[in-house]
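Me: I'd like to learn how to read a model like this one feature by feature. Could you take me through it?

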Amino acid sequence: MKVLIVDDEEMIRAVIREYVEFEGGETDEAEDGMEAVKKCRENDYDVVVMDVMMPRLDGFSAVKEIRKFKNTPVIMLSARGEEYDKLFGFEIGSDDYVTKPFSPKELMARIHAVMKRASASEAPRDIYEFEGLKVDIKGRNVYVDGKKAELTPKEYELLFYFVENRGVALTRERLLNKVWGYDFYGDDRTVDTHIKMLRGNLKEYRKFIVTLRGLGYKFEV
């Protein structure tokens, strides 16, 4: 496990570094977003823990730059817990969002969860086509009427899980467990928010994701 810790506060970096190294992991550090982008270009990490408010280049902007050349899992850290900030973080490609002050043990649980999901998503799968919707799970690509759809990492995972379990009624709890991981500390609104974004990107093929009132969702063709 190799973790890049990005925060302008040395004390926070030290706390995270201590817990990662205690579990046998390696760490690298950056004090701002520009340094983080540079390190991600030059090195491979299993997870990036990224603060939002930093000098020179903020965390959101850094994640947008990193996503141009790597799909390394990113956990955002922020003293602000507004829903808009969390939603924006997910939209630009972050995998999880932790509000300060945070429990180091909870953060480590989230690090392990995103690593597990990233590893599982690399398993080879098939290509599925539903009318004008093409889902290439192995290649991690989605096409809508021949045009590649730009989804966030979590939207990809949600769609892939729906396709692999098409025709099956899926509760919000099951989606949280399977897509976010058992260690995810969130609620049902997280699922609904991501499905809303996913449906928007699928355009007319949003019809395949059916809402089951009082239960959850089902991918139905």
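Me: Let's start with Pro101. Where is its place?
Reply: Pro101 sits in the loop between β5 (96–99) and α5 (104–120). Bear in mind throughout that this is a predicted model.

Me: And what is the peptide bond from Lys100 to Pro101, cis or trans?
Reply: The general idea is that most peptide bonds are trans, and most residues other than glycine have a negative phi. Here, the bond from Lys100 to Pro101 is cis, with omega near -5°.

Me: What about Arg140, is it buried or exposed?
Reply: Arg140 is buried: its relative accessible area is 18%, and the cut-off for buried is under 20%. You'll find Arg140 in the loop between β7 and β8. Arg140 has a positive phi too, about 55°, although it is not a glycine.

Me: On to sheets, then. What is the strand order in the open sheet of 4 strands?
Reply: In general, strands of a sheet pair through backbone hydrogen bonds, either parallel or antiparallel. In this model the order is β6-β7-β8-β9, and the pairing is antiparallel. The edges are β6 and β9 (147–148), each of which pairs on one side only.

Me: How many bridges join β6 to β7?
Reply: There are 4 of them, between β6 and strand β7 (residues 133–136), and the two run antiparallel. To get your bearings, find Tyr128, which stands opposite Val135 in β7.

Me: Which helix lies across those strands?
Reply: That's helix α6 (residues 153–164), which lies across β6, β7, β8 (141–144) and β9 and runs at about 80° to β8.

Me: How do I read the packing of α6 against α7?
Reply: Look at the angle and the distance between the axes. For α6 and helix α7 (residues 172–180), the angle is about 115° and the axes are 10 Å apart. The crossing is right-handed. Side by side in the contact you have Lys154, Glu157, Leu158, Tyr161 and Phe162 from α6, with Arg174, Leu175, Lys178, Val179 and Trp180 from α7.

Me: And at what angle do α2 and α3 cross?
Reply: Helix α2 (residues 33–42) and helix α3 (residues 59–66) cross at roughly 20°, with axes that come within 9 Å. Angles under 35 degrees count as roughly parallel, so α2 is roughly parallel to α3. Their crossing is right-handed. Gly33, Val37 and Cys40 of α2 make the contact with Ala62, Glu65 and Ile66 of α3.

Me: While we're in α2, is Lys39 buried or exposed?
Reply: Lys39 belongs to helix α2, and it counts as buried because its relative accessibility is 17%. Leaving aside residues up to four places away in sequence, Lys39 touches Leu4, Asp28, Glu29, Ala30 and Tyr45.

Me: Now a hairpin. How many residues lie between β11 and β12?
Reply: There are 3 residues between them, and Gly214 in the turn has a positive phi of about 80°. Strand β11 (residues 209–212) pairs with β12 in the antiparallel sense over 4 bridges.

Me: Last topic, the aromatic rings. How many aromatic pairs are there?
Reply: The count comes to 7 aromatic pairs. Among them is Phe130 with Phe219, which is edge-to-face at 5.2 Å centre to centre and 65° between the planes. Phe130 lies in strand β6 (residues 127–130) and Phe219 in strand β12 (residues 216–219), so this pair ties together parts 89 residues apart in sequence. Both Phe130 and Phe219 are buried.

Me: Why is the pair of Tyr205 and Phe208 stacked?
Reply: Their planes are at 15° and their ring centres 6.0 Å apart, so the pair is stacked. Tyr205 and Phe208 are both buried.

Me: Which residues form one aromatic cluster?
Reply: Tyr128, Phe130, Tyr205, Phe208 and Phe219 do.

Note on methods: Residues numbered from 1 in each chain as written. Predicted model: local features only at pLDDT ≥ 70, side-chain atom pairs only at ≥ 80, totals over all residues. Heavy atoms only, no water. Phe/Tyr/Trp six-rings, centres within 6.5 Å; stacked < 30°, edge-to-face > 60°. Buried < 20%, exposed > 50% of the residue type's maximum accessible area, 1.4 Å probe, protein only. Pairing = 2+ DSSP bridges. Axes fitted to C-alpha atoms, helices over the stretch in contact; angles between N-to-C directions. Parallel < 35°, antiparallel > 145°, perpendicular 65-115°, else oblique. Left-handed = near helix turned anticlockwise from the far one by under 90°. Contact = heavy atoms within 4.5 Å.
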